[in-house]
Amino acid sequence: MSDIQTPRASHGAWLSPMQQQIFRDLLHVFSYPGRVAECTADSMTWLALLAALTDGEVTLADPHGLIAADIWPKLEARSGTPGKATFIVADGGRIMDFQPCTGSLESPETGATLLLRVAALGEDLDGGVPLNLTGPGIQGNTELFVSGLHPSWLIARAGLAAFPLGIDLLLCDERRFAALPRTTHIEIGEML
Amino acid sequence: MIDIPRQEWATALSALPTKEVKAAAESFESCCHVQDVILPQSGLGLLTLRDGAFHEAFHLGELPVARAHVVLRTQDGQESSGGAVLIDDRATLARAIAILDGVIAGRLPGWETAAALVERGYSARAAKFAERKHILASTRVDFSLLGQVDEEDGDE
Amino acid sequence: MSYVAIKGGKAAIDGAAAVTEFLRGRDDSGEPLNLSAIECQLRLLTSRVVSEGGLYHPRLASLAIKQFQGDTLEAAFALRAYRSTKPRLLATPVQNSTNMRCIRRISSAFKDIPGGQMLGPNYDFTLRLLRFDLADEDPNEFRSIARKFLGALPEADLPDSFPKVLDALRAEGLLPPVAESRNEPFDITREPLVFPVPRSAALATMARAETGSLLAMAYSNMRGYGDVHPTVAELRVGYIPVMVPHPVTGEPMEAGEVLVTECEVVAMYESGKADCLPTFTLGYGACFGHNEVKAISMAILDRSLQKGMQDGPENPSEDPEFVLLHVDGVDSMGFASHYKMPHYVTFQSDMDRLRTTQGKARAADQASQMEVV
């Protein structure tokens with residue numbers, strides 16, 4: 001009768017093998033911006049990603065109150081403000097109303113990673129807004145379709161970018177996730 | 001009753017064979033629901049020490065650390081929290097000790113067996129402490145003899 | 001320095017690993033080393049590796065000693081590598097070594113220290129004559145050693161911990177006041193040493209320094225290149241209980257204990273600043289495990305570095321940069337060992353330059369001879 005010794009699917013995200021798998025997938029999606037990875041953990045995608053990414057060394061901001069109180073101790077991350085936190089989890093459907101850290105020239109790696117919850121995500125998606133992507137890791141150009149993402153996030157991202165400074169985005173829907181690192185150039189297309 | 005303060009339960013239990021501690025914890029897991037508040041983990045802790053000359057804090061080095069924090073709920077609705085931090089590599093052992101810690105602290109059904117384990121571990125530790133005192137006692141320097149034989153200090 | 005990628009060495013490298021293993025396995029006794037034997041019977045070696053590795057894990061230290069066939073530098077390196085794979089879960093609150101469960105406690109400053117002097121395990125009064133009876137020790141005899149020792153003693157009535165000798169001197173007003181600074185201690189595992197560094201960085205660096213390097217630096221000060229002239233106020237060896245907040249109550253709980261050697265030295269007095277009276281100066285040394293030479297060396301260097309930080313270094317052992325950047329065993333052995341790596345391209349270019357220079361020198365020589373003629 002325990003969470004750990006008899007793993008149930010719903011707790012997969014807290015187990016090491018799942019976290020290793022997710023970390024591997026994160027490397028993949030950051031290497032190939034716009035490609036979509038499946039999340040097989042039986043919990044919300046953004047939460048499974050956080051479970052794999054955070055520990056006591058990082059700060060995490062939750063401006064939209066997505067994280068339940070009993071989840072915080074398991075993530076171990078210290079709570080931070082959106083302006084300073086290393087990781088920020090937010091509802092991508094809402095307007096962006098804070099300014100995340102973009103790092104410093106000496107330490108651009110301290111720029112924040114934002115996990116945005118969106119309605120749906122796909123390399124081919126009915127009713128999604130196409131994002132036309134170019135940049136490192138993309139041969140020529142590629143398209144990523146997203147629905148439920150307020151454009152303010154992408155506009156702010158472009159406004160904050162002064163490479164190597166900038167922020168990295170992880171878009172997460174129910175079952176999938178994709179990365180938009182700071183090196184990727186995004187053009188917002190017309191909805192199909 | 002248990003006379004040993006809670007701050008020493010974990011080290012007392014660590015002094016016992018691991019198998020025995022884990023078996024005891026498992027027996028409680030079968031009769032109450034155990035939920036992890038934090039995930040049982042092993043890693044490192046930085047040891048901070050006060051220097052003896054100026055009382056400044058500095059880091060002496062690192063230690064292996066395992067820790068766990070659980071909430072136990074019995075079928076009739078009793079609830080108790082347990083936790084443990086050990087200088088050890090084994091998160092599973094920390095979790096087992098956290099369960100026993102919660103059982104004793106909340107006086108959950110059957111806590112007496114867990115308390116008896118703590119007491120046994122405590123005696124095992126006491127034996128180790130007694131060994132150290134033997135080491136000290138058998139090498140204690142008696143300077144009074146020196147004073148009787150010769151008035152000089154003779155330390156050069 | 002530069003390296004070239006070379007092909008063709010794989011078989012040789014695999015062979016080297018097999019050969020190294022072969023030399024370990026060729027032991028005629030047919031008995032593989034048991035980790036518990038290393039940890040107990042070679043306890044001072046294990047102590048050295050836990051302190052130089054900077055990780056209090058006697059069991060893994062004995063494994064490293066076995067794996068690297070007794071090389072302390074390599075064993076400490078392996079512990080450092082291991083620690084780098086582990087997450088940092090916590091930093092303990094500041095621990096007080098007054099709580100140490102001593103097995104040894106001496107002072108060369110006073111006979112009658114509060115609590116008394118207890119020699120504990122040491123070789124200070126042992127003749128350095130080889131005990132040939134150990135060469136062919138009877139296992140039954142060996143097994144009875146501990147039993148005999150414990151059986152021969154009456155119940156010892158001693159306190160659990162002992163006061164510090166320095167506290168008595170401080171109460172008499174002979175010592176400088178304790179530091180007011182409440183700064184976070186420097187974490188040498190995360191931050192590079194950029195000079196000047198706070199004293200907490202110096203103490204942490206020396207606590208995991210290589211024993212021989214630390215001793216050599218301190219010895220230079222003792223023998224002539226410095227003037228600390230220390231007196232050991234207290235040297236203690238024992239187990240410090242590590243107290244951390246209980247996950248549920250937040251009250252301090254004991255997580256376990258660590259064997260530590262600690263040394264406080266009192267050195268020549270200094271005229272007081274402004275309108276303070278003159279006081280003795282102090283040095284502090286501590287390390288994991290039982291290693292007295294290391295703790296004493298560190299205490300002397302703590303004192304000499306304080307002098308260097310305050311008045312500027314006059315001797316190598318007073319220069320924080322000179323001492324702290326050269327005492328780490330993993331750093332220094334790594335640098336020395338790297339010279340074994342192929343430097344074929346750089347050396348080729350060195351040879352080219354030398355030949356060119358020689359050629360120019362010969363040509364110039366011939367030219368000057370022709371002028372003479």
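Because the model is predicted, local features need pLDDT of at least 70 and side-chain atom pairs count only at pLDDT 80 or more, while totals for chains, interfaces and linings use all residues. Residues are numbered from 1 along each chain as its sequence is written, chains are lettered from A in the order in which they are written, and side-chain values use heavy atoms, with hydrogens and water left out.

Chain B has five helices and three strands, where helices are DSSP runs of H or I with at least four residues and strands are runs of E with at least two, numbered from the N terminus. Along the sequence these elements follow the pattern α-α-β-β-β-α-α-α. The radius of gyration of chain B is 22 Å, well over the 15 Å that the globule rule gives for 156 residues, so the chain is more spread out than a compact globule; the radius is taken over C-alpha atoms, and the rule is 2.2 Å times the number of residues to the power 0.38. Along the principal axes, the C-alpha atoms of chain B fill a box of roughly 75 × 35 × 25 Å. Of its 156 residues, 54% count as buried, a term that means under 20% relative accessible area, with exposed meaning over 50% and partly exposed in between (1.4 Å probe, protein chains only).

Side chains of opposite charge can pair when their charged atoms come close. With a salt bridge taken as a side-chain nitrogen of Lys or Arg within 4 Å of a carboxyl oxygen of Asp or Glu, the count over all chains comes to 41. Within chain B, Asp101(B) and Arg6(B) meet in such a bridge at 2.7 Å, N to O. Asp101(B) lies in helix 3 (residues 91-105) and Arg6(B) in the segment before helix 1 (9-14), so the pair ties together parts that are 95 residues apart in sequence. Asp101(B) is buried at 4% relative accessibility, whereas Arg6(B), at 22%, is partly exposed.

On the surface of chain C, Leu215(C), Tyr219(C), Met222(C) and Val293(C) form a nonpolar patch with about 350 Å² of accessible area together. Such patches are made of residues with over 30% relative accessible area and no salt bridge, with nonpolar side chains (Val, Leu, Ile, Met, Phe, Trp, Tyr) joined within 5 Å and like charges within 9 Å; accessible areas come from the Shrake-Rupley method with a 1.4 Å probe. Helix 9 of chain C gives the largest share, three residues, and Val293(C) lies in helix 10 (residues 292-311).

The backbone also has some local features. In chain A, the peptide bond from Phe163(A) to Pro164(A) is cis, with omega near 10 degrees, and Pro164(A) lies in the loop between helix 4 (151-160) and strand 9 (168-172). Glu76(A) has a positive phi of about 70 degrees although it is not a glycine.
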